[in-house]
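Colleague: I would like to go through this model feature by feature. Please give the general idea each time, then the case at hand.

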Amino acid sequence: MPASPSTARAINDRLALRLLQQEGSLTAGQLKQLTGLSRPTIADLVERLTASGLIAVVGEAGEQRRGPNAKLYGIVADRAHLAALDVRTEGVSVVVSDLLGKVLAEASVPIGGDTGTGPAVEQAVALVERTAKEAGADRLHTVGIGAPGLIDPATGELRDSSGLPAWHRRLVAALQERLPEARVIVENETNLAALAEQRDGAARDRETFVLLWLGHGTGAAVVLDGALRRGASGGTGEIGFLPVPGTEGLPSATDCEGGFHSLAGSAAIAGLALEYGVPLAARGPEPMAAGLVRAAVETVEAGPGGARPDRPGAPGDRADRFLDVLADRLAIGAASVVAVLDPGCVVLGGEIGQAGGAVLAGRVGERLRRMSPLVTEVRAGVLGGGAVLRGALLTARDHAQDELFAPPER
């Protein structure tokens, strides 16, 4: 059946808004050309979206030619303000943006392990409020939160998980209470990192891939046919609990020690680097494990000072062996995922995946080719730890635009 006039208008409006988002400001003529709609339809569309406050005249095109200039229309970016949070065990980072995702202000605050639940929640909520004020946002429309742990697929709430601070779970409710007009959305940090790497990073050309998160802990995000898969209980990708060889026991339902986490978590990587004598070259706030991996890669890439069979004690040789053993460990986890899902591509994400770059990804890929008949490309993530915050902002933006760009009839 043909669409009703109101449905057709809604479809056309959303098409125009998406084009303005992707292309930037456009004239009515350009909208006509890109949409294939008639001139009267475009004129009605522009009038409707202008009256609703979603678009406005932002300039003129054709200043260099004779005759009347065409008006340029753009989305009203300050129609809504968004916030994104990256919640870690040791602190919180926040960005506030406009409706198009342009960052207006950002800040972070460390939260020590000895901070009580109430004070920790207050620090985090106050940080969001201060950052919003700095961005000039009177109110926040949508808040996206990335946090470690399981997200209940039925309620969307962060579930109680062993080893995570209690203030993580309290934070979502506290933000909703202090920001009653905002929509607060929480998502697993690894899932958000995968979204960011797919939109803006290493997996832009992939509809199916797995992101292996390598940060303080380990995790995986599964994207199949363009859709993020969360599982029946929200636990898809909890690879830290995967039983693997090379550990001193087995994981339990409440503790991932003895699982893949014991091979590839930040503490395990730091211990491995100590064993091989890899020096730490500190670089700003970079996590220790990422700094050790980066230092090893830089040493190996140095050339003459790199690995040499005739000088087994040289720094390059020790760094080379460290990276080999680390690649062995990562390949065990990656091969398990590949055997079940056959994703065709594994992205090494997080700060450690970014620090390892093509050198570490290449070594993991080489081992996977020996371990599995399934052809799998291994890539280094390009967004590092910032992928979580970027993914949270993309999620907040998508939800806000879905609501604001929806037709009034719905």
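Modeller: Start with burial: a residue is buried under 20% relative accessible area, exposed over 50%, and partly exposed in between, using a 1.4 Å probe and protein chains only. With 0% relative accessibility, T142 counts as buried. This is a predicted model, in which local features need pLDDT of at least 70 and side-chain atom pairs count only at pLDDT 80 or more, while totals for chains, interfaces and linings use all residues. Residues are numbered from 1 along each chain as its sequence is written, and side-chain values use heavy atoms, with hydrogens and water left out.

Colleague: In which strand is the place of T142?

Modeller: Helices (H or I, at least four residues) and strands (E, at least two) are DSSP runs, numbered from the N terminus. T142 belongs to strand 7, residues 142-147.

Colleague: With which residues is T142 in contact, leaving aside its neighbours within four places in sequence?

Modeller: Contact means heavy atoms within 4.5 Å. On that basis T142 is in contact with H81, L82, A83, R183, I185, A396, H399 and A400. A polar contact is a pair of N or O atoms within 3.5 Å; within protein, one must be able to donate a hydrogen and the other to accept it, and residues adjacent in sequence count only if both atoms are side-chain atoms. The side chains of T142 and H141 make such a contact, at 2.7 Å.

Colleague: What does A194 touch, not counting residues up to four places away in sequence?

Modeller: A194 lies in helix 6 and touches F209, L211, A221 and V223. A194 is buried because its relative accessible area is 0%. The C-alpha atoms of A194 and L228 are separated by 8.5 Å, the two being 34 residues apart along the chain.

Colleague: Which residues are buried in helix 8?

Modeller: Helix 8 covers residues 266-276, and S266, A268, I269, A270, L272, A273 and Y276 are buried there. These buried residues pack against helix 7 (261-264), helix 9, helix 10 (315-341) and helix 11. After helix 8 comes G277, with a positive phi near 70 degrees.

Colleague: How many salt bridges does the structure hold?

Modeller: A salt bridge is a side-chain nitrogen of Lys or Arg within 4 Å of a carboxyl oxygen of Asp or Glu. The structure holds 21 salt bridges. One of them pairs R178 with E129, the closest N and O atoms being 3.0 Å apart. That pair links distant parts of the chain, with R178 in helix 5 (residues 166-178) and E129 in helix 4 (residues 117-134), 49 residues apart. R178 is partly exposed at 35% relative accessible area, and E129 is partly exposed at 32%.

Colleague: What are the closest N and O atoms of D205 and R379 apart?

Modeller: In the salt bridge of D205 with R379 they are 2.7 Å apart. D205 lies in the loop between helix 6 and strand 9 (209-214) and R379 in strand 13 (residues 377-380), so the pair ties together parts that are 174 residues apart in sequence. D205 is exposed, at 57% relative accessible area, whereas R379 is buried, at 15%.

Colleague: Which residues do salt bridges that share partners join into one network?

Modeller: Take the pair of R367 and D328 as the way in: the closest N and O atoms of this salt bridge are 2.5 Å apart. R367 is in helix 11 and D328 in helix 10, so the pair ties together parts that are 39 residues apart in sequence. R367 is buried, with 8% relative accessible area, and D328 is partly exposed, with 36%. Salt bridges with shared partners join D320, D324, D328, R363 and R367 into one network.

Colleague: How much space lies in the largest pocket?

Modeller: On a 1 Å grid over the protein atoms alone, a pocket is an open set of points where a 1.4 Å probe fits, with protein on both sides within 12 Å along at least five of seven lines; lining residues have an atom within 4 Å of a point. Grid points are joined across faces, edges and corners, and a volume is the space filled by probe spheres set on the points. About 940 Å³ lies in the largest pocket. Its lining has 42 residues, of which P148, L164, G217, T218 and C256 lie nearest the centre.
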